[in-house]
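Please look over the sequence and the model shown here before reading on. The report below takes up the overall fold, the charged pairs, the aromatic rings and the surface.

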Amino acid sequence: MNPRSLALRNTLFSSLGIYVEYFLGMVCAVLIARHLGPQHYGIYGLFIWFAAIGIVVTNSGVTTGVIKFVAELRGSRQHELIRPMLAHMRKVQRWHMLVVLGAGLVAFVVAGRRFAAELDLLEFVLLAAAVGMRAPYMFNIAIAKGCEAFDATARVTLVAAPLNLALVVAAMLLHGDILMFVVMYAVSSAAFLIASQHQVSRLLAPLPRGGALPAELLQRMRRHLRIVSLTIIVSFLIASDVEILFLNLFDSAASAGYFKVAYQLASGIMLLVPGVFSAVLLPMMAKALSEGRAAGGRRFAAVTSYLALLGAPVVAFGACFAGAVIGLLYGAAYAAAAPVFALCMLASALNTSAQGATSLLVSADRQHVILILTLSFGVLKIAMDVLLIRHFGLHGAMAAITLGAIVSSTAYLALGVRVGGVPLEWLRLARILLAAVLAGALASLVLALQLPPLPTLALGGPLLAAAYLPLTLLLRCWTRADIEQLQGLHRRFAAGRPLLLGRLLHWSVARAGQEP
């Protein structure tokens with residue numbers, strides 16, 4: 001299989017796994033939220049966040065190191081070193097896990113009543129068991145990614161994710177409480193671990209056993225763990241819904257439930273729209289930068305515009321139809337989550353727009369800058385959360401996540417401009433924003449009909465999409481090369497229909513500027 005076919009195959013399986021896992025995971029989250037209600041779902045969300053932070057700290061630097069070093073050793077044909085390297089990484093992971101579980105037990109005994117009064121000993125044990133199974137599961141997935149066996153990761157998802165959904169449905173049919181859903185979370189963790197272990201055993205079977213790790217490789221592995229671990233932990237605190245902790249602490253579990261559903265839905269939607277494109281940014285930026293600083297800067301500016309082009313209509317959709325989306329998925333009990341969802345969409349879009357800048361910084365070997373910024377933004381976010389949520393509750397959480405996204409994305413974009421030496425395409429970005437605002441204004445007319453959520457979304461969503469594409473063409477948001485590619489896709493997959501779109505594309509080519 002040639003490199004192009006392999007890349008296409010990997011992208012296909014990776015996308016399949018991501019979409020299936022997210023879709024079924026989102027269905028599970030919606031079902032649990034509707035079943036428990038905002039108050040209890042806020043408590044359940046806090047429990048799952050505790051497990052998530054335990055998994056992240058356990059795997060901090062380990063899973064990324066596994067992907068990196070497995071790929072390197074395969075590329076250099078040192079297959080005999082893969083098993084010893086994995087054995088070393090598993091040992092590191094076990095030590096991390098012991099520290100995490102020990103610290104968790106101390107925190108539970110000393111401060112459990114203060115931070116999570118509803119968490120009893122049985123639920124703590126179940127969450128600890130889930131951490132002990134989900135962390136090795138993610139280790140196994142990292143092995144598969146390092147081996148470029150994305151079909152294996154897809155198989156794990158296709159087996160374990162439907163089983164997880166079945167467990168959630170069973171808990172609902174049994175009229176389960178929070179404890180039962182925590183039990184199901186632990187059981188599903190075992191399913192993910194067993195499925196991943198089966199796939200990894202198949203991948204590792206042909207590799208030779210034994211061998212000792214060279215001192216130089218050990219030194220690089222330890223350096224990777226030192227640098228990456230702290231960055232990953234702080235990045236998780238920035239990117240995760242840590243506000244759930246402070247909402248439970250300073251406001252109410254119901255507010256935490258509103259924030260949980262809004263944040264989870266918004267971040268997932270943004271992951272699957274512009275986030276799919278951003279997944280290929282690092283190799284793209286590294287290649288452009290190898291051609292010179294100017295080439296890397298131009299690519300960074302163009303990528304930022306493309307991310308805005310993809311993210312702007314999603315934000316407009318959230319601003320117009322947040323109430324309908326929340327009403328359809330979660331019901332009237334979660335109506336207070338609608339404005340939170342709209343702002344979370346905006347914050348996610350701002351963070352996504354800065355991913356071109358972070359890829360440029362990594363490609364330019366500015367990891368130390370990213371580490372400093374990550375730590376700074378982590379401290380800033382926690383401080384804003386504590387201050388604003390303590391005084392303003394759910395509205396404080398909304399303000400904190402929006403302000404944090406504005407500050408961090410602005411800083412990263414400014415650094416990207418400085419490193420690349422090329423300014424952003426401000427006029428193009430302004431035209432993209434105008435197209436999204438006009439399309440959103442047109443689509444929002446559907447709200448005047450006061451229809452139920454499903455018809456509102458069925459009319460408003462397609463109307464916004466149908467308005468946004470022509471507006472971006474009329475306002476010259478696309479380059480000539482982009483439009484020519486759209487013409488090719490229009491002819492190939494739609495046989496040139498509708499004719500009006502074909503004429504609009506033809507007209508747009510004539511007035512579009514050259515690609516930067």
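What follows is a description of a predicted model.

The protein has 19 helices and zero strands, and buried residues account for 51% of its 516 residues. Of the contacts between residues at least 6 apart in sequence, 82% join residues that are at least 24 apart. The accessible surface comes to about 24,000 Å², with 69% of that area belonging to carbon and sulfur atoms.

The count of salt bridges comes to six, and three of them are listed here with the distance between nitrogen and oxygen.

| Salt bridge | N to O distance |
|---|---|
| Glu 72 and Arg 220 | 2.9 Å |
| Asp 241 and Lys 260 | 3.3 Å |
| Lys 381 and Glu 243 | 3.6 Å |

Glu 72 and Arg 220 meet in a salt bridge; because Glu 72 lies in helix 2 (residues 62-75) and Arg 220 in helix 7 (residues 215-239), this pair ties together parts that are 148 residues apart in sequence. Glu 72 is partly exposed at 31% relative accessibility, and Arg 220 is likewise partly exposed, with a relative accessible area of 30%.

For the salt bridge of Asp 241 with Lys 260, the setting is the loop between helix 7 and helix 8 (243-250) on the side of Asp 241 and helix 9 (residues 253-272) on that of Lys 260, so the pair ties together parts that are 19 residues apart in sequence. Both Asp 241 and Lys 260 are buried.

The salt bridge between Lys 381 and Glu 243 links distant parts of the chain, with Lys 381 in helix 15 (residues 367-420) and Glu 243 in helix 8, 138 residues apart. Lys 381 counts as buried because its relative accessibility is 7%, and Glu 243 counts as buried at 0%. Elsewhere, salt bridges with shared partners join Lys 68, Glu 72, Glu 216 and Arg 220 into one network.

Lys 68 also has its charged end over the ring of Phe 69, 5.6 Å from the ring centre, while the charged end of Arg 428 sits over the ring of Tyr 306 at 5.0 Å from its centre.

Among the rings themselves, the structure holds 11 aromatic pairs. One of them is the edge-to-face pair of Phe 377 and Tyr 412, with 5.8 Å from centre to centre and 65° between the planes. Phe 377 is buried at 11% relative accessibility, and Tyr 412 is buried at 10%. Tyr 41, Tyr 44 and Phe 181 form one aromatic cluster.

On the surface, Leu 105, Val 106, Val 109 and Val 110 make up a nonpolar patch that together has about 410 Å² of accessible area. Val 106 belongs to helix 3 (residues 82-115) and is exposed, with a relative accessible area of 52%.

Key
Residues are numbered from 1 along each chain as its sequence is written. This is a predicted model: local features need pLDDT of at least 70, side-chain atom pairs count only at pLDDT 80 or more; totals for chains, interfaces and linings use all residues. Side-chain values use heavy atoms; hydrogens and water are left out. Rings of Phe, Tyr and Trp (its six-membered ring) pair if their centres lie within 6.5 Å; planes under 30 degrees apart count as stacked, over 60 as edge-to-face and the rest as tilted. Buried means under 20% relative accessible area, exposed over 50%, partly exposed in between (1.4 Å probe, protein chains only). A charge sits over a ring if NZ of Lys or CZ of Arg is within 6 Å of the ring centre and within 35 degrees of the ring normal. Helices (H or I, at least four residues) and strands (E, at least two) are DSSP runs, numbered from the N terminus. Contact means heavy atoms within 4.5 Å. Accessible areas come from the Shrake-Rupley method with a 1.4 Å probe; for residues, only the protein chains shown count as cover. Patches are made of residues with over 30% relative accessible area and no salt bridge: like charges are joined within 9 Å, nonpolar side chains (Val, Leu, Ile, Met, Phe, Trp, Tyr) within 5 Å. A salt bridge is a side-chain nitrogen of Lys or Arg within 4 Å of a carboxyl oxygen of Asp or Glu.
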